[in-house]
Amino acid sequence: MNTLRIAGLLLLAVCGAACTPAVDGSAEGGRGGAGGGNAGSVPSGGGGSAGATTHAGGSPGAPASTGGNAGIATGGAGPASAGADGGMGEGSGGATTSGTGGATATDASAPVEAGSAPPVAGSGLAQKQLGGSIGLGYYTACHIVAEGNLRCFGDRHPRTMPPGGLKPQQIACSHDGCCITQPKEAGARIRCWSDKRTIFPPEALANAVDPVQISIGYQHGCVLNADNSVACWGQPGTMNAPPPGLKAKSLHAAAYFNCAVKMDDSLVCWGINPPAPPVDLKAKLVSAIVHTGGHLDEAPGLTRHACAIGLDDTLRCWGDNIAGTTDVPADLGPVRDVGVNSYTTCALKPDGAMICWGTRRLFPERYKAPPGDLKLKAIKGQFGAFCGLRLDDTLACWGEEKTSHITVPAGVKLLVP
């Protein structure tokens, strides 16, 4: 399991009117400071603490650069190349796309009044987009707040230091960092940040896609485009190429495999050792997880599971049943969303109430219980933690924490579509 490397050089930027993004957190071994976010505060060395650190729009926390063009291949992995965005370290793999056209996705969430749960009826894509401002990684997290900026939590690290000038629409985070989608006027439709390039798409793909959903794994990523095609990229060996001609309604990337809801509502999973979905299942959305943070060469032997919400709003789970991860309660009834992390599954009822099962924990000593009487509109799981969108559009996080990445001040409101 990788451990975070603290960045050797910390950049201090002066906060102006267009401050973005803010970074909350401290080095492991201590947490404190002005948690409300004092602009420009920088962690002192040796386990010291800091409040929110803000980078001005023109002063990125992590260096931004333009990588080489790997091109967009169809039906097979392209050559390895540098990614489309900044950061330090390793090059990213090639890109693959599926589909050549087709119906434009028109799924969208109806306006939701703050403080109320949205109706159960609706598309899986709309539900995935509802949680699209939550960026939960393994040991770090970055979220899109209501003002449209990014706010990050965890150790001071390139993975919590996005470049300036971003226009985030949706975000996805994993072990190696985060990626966002942007509107057409922003130029590149996908931007990523990290101390590694393992999740960075080739420049050609980042400029060519028209994403309506994004999801990333340990060393790869995928987007669902407005024409229902799927584009994926990643390191050689991640087997990220989608099935030829795949058209999908929604998708989810786990650490080393992906699952998607096809246009006929059936499910398909691909990658390294994906759990085969039930052949008779027709679904709205799917969530999936690899149970530990093993490296790429360990992926074939790692346990995993997935869950999907059917067209009748009932939940089915499959894969490796570790301490009850796939044991859906018989009386669960209809649900609106499902989140999975290592050894735990949590479903949201129509009124936003949360029901979880699975009894094993990766690191029990790091566990933080969820807030009492928690009701959510959307939920995301990653590694040992969960984050959710409350009914009032504020953020709630809980689970296993190593670097303060799920220690979120009260009242942090997220951008909601």
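Predicted model: local features only at pLDDT ≥ 70, side-chain atom pairs only at ≥ 80, totals over all residues.
Now widen the view. E24 and E25 belong to an open sheet of four strands, with antiparallel pairing and the order E22-E25-E24-E23. Which strands stand at the edges? They are E22 (367-368) and E23 (376-382); each has a single partner strand, so one side of each is left without a neighbour in the sheet.

Next, look for empty space inside the model. Rolling a probe the size of a water molecule over the atoms shows where such space is left. Here the count comes to three cavities of 30 Å³ or more. The largest holds about 360 Å³ of space, and 32 residues line it, with Lys128, Ser215, His252, Lys380 and Gly381 nearest its centre. Several elements give two or more residues to this lining, among them helix H1 (124-130), strand E10 (211-216) and strand E13 (248-253). By class, the lining of the largest cavity has 17 nonpolar, 12 polar and three charged residues.

The second largest cavity has a volume of about 50 Å³. Its lining includes Tyr138, Tyr139, Phe363, Arg366 and Glu400. By class, this lining has four nonpolar, two polar and four charged residues.

Notes: Residues numbered from 1 in each chain as written. Heavy atoms only, no water. Pairing = 2+ DSSP bridges. 1 Å grid on protein atoms, 1.4 Å probe; cavity = no way out; pocket = protein on both sides within 12 Å on 5 of 7 lines; lining within 4 Å. Points joined across faces, edges and corners; volume = space filled by probe spheres on them. Nonpolar A, V, L, I, M, F, W, Y, C, P; charged D, E, K, R; others polar.
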